[in-house]
Every structure is written in structure tokens, then in C-alpha cells.
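Me: I am new to this structure and would like to learn how to read it step by step. Could we go through it together, beginning with the overall layout and ending with the surface?

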Amino acid sequence: LYLYLNGKDYKLNMAPADGKWHHVAVTWRSRDGLVRAYLDGKLKRAGHFQKGKKIANGGFLELGQEQDRPGGGHDRGQAFHSGA
């Protein structure tokens, strides 16, 4: 998993691939660049990334979708589909 911001990515070093559902949460604070990544409620990674930067207008958030490049390269056959 990666945090992608303003053309740069930050590897989170966690990839739950055991066939079970997991809760993933990531926080980022612009002021000091603090990143925290949690897996199932436990802190798995903390560091600093893009200190003082801002999120550009027109950004996006993607969940449950494989992509071949940031912001694109989507294949409907690789998407997560669910009724809500």
C-alpha cells in the first residue's frame, strides 16, 4: 500500500494478503508531514512525508480498485463491487 500525494508516493510497508477482511487507516498531517498507518487498529508505520505540502484541488480517493498507475489504468474486471 502507498500514500500518493502531489506526484510522490510513500510506501506504507503493509500488505495484508491472507484472504481475510482488514481495517486499514492512514493519517497525514501537512504541518510536520507526519504519516501514521494502522492495520486492524494497530500502528504499523509512522514517518514523515511531504512536510508543509497541501493537497491539490481536484484530487481523488480510491478504495477497492487496482490501478496500473496513480489516477488511471483501471480495469473493470479488477474492481471491487458491492451493494451498499
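The dialogue below goes from the chain as a whole to its core and then to its surface.

Me: How many helices and strands are in the chain?

Reply: Bear in mind that this is a predicted model. The chain has zero helices and seven strands, so that, read from the N terminus on, its elements run β-β-β-β-β-β-β.

Me: Which residues make up the largest nonpolar core?

Reply: The general idea is that, in soluble globular proteins, nonpolar side chains tend to be buried together. Here the largest nonpolar core has nine residues in all, namely Leu 3, Leu 5, Tyr 10, Leu 12, Met 14, Val 35, Ala 37, Leu 39 and Phe 49. At least two residues of this core come from strand 1 (2-5), and at least two from strand 4 (34-39); strand 4 gives the most, with three residues.

Me: What does Ala 37 touch, leaving out residues up to four places away in sequence?

Reply: Ala 37, itself a member of that core, touches Leu 12, Met 14, Ala 25, Val 26, Lys 42, Leu 43, Lys 44 and Arg 45.

Me: How much of the chain counts as buried?

Reply: Of its 84 residues, 18% count as buried, while the accessible surface of the chain comes to about 6700 Å², of which 50% belongs to carbon and sulfur atoms.

Note on methods:
Residues numbered from 1 in each chain as written. Predicted model: local features only at pLDDT ≥ 70, side-chain atom pairs only at ≥ 80, totals over all residues. Heavy atoms only, no water. Core = buried A, V, L, I, M, F, W, Y, C linked by side-chain atoms within 4.5 Å. Buried < 20%, exposed > 50% of the residue type's maximum accessible area, 1.4 Å probe, protein only. Helix = DSSP H or I, 4+ residues; strand = E, 2+ residues; numbered from the N terminus. Contact = heavy atoms within 4.5 Å. Areas by Shrake-Rupley, 256 points an atom, 1.4 Å probe, with all protein chains shown as cover.
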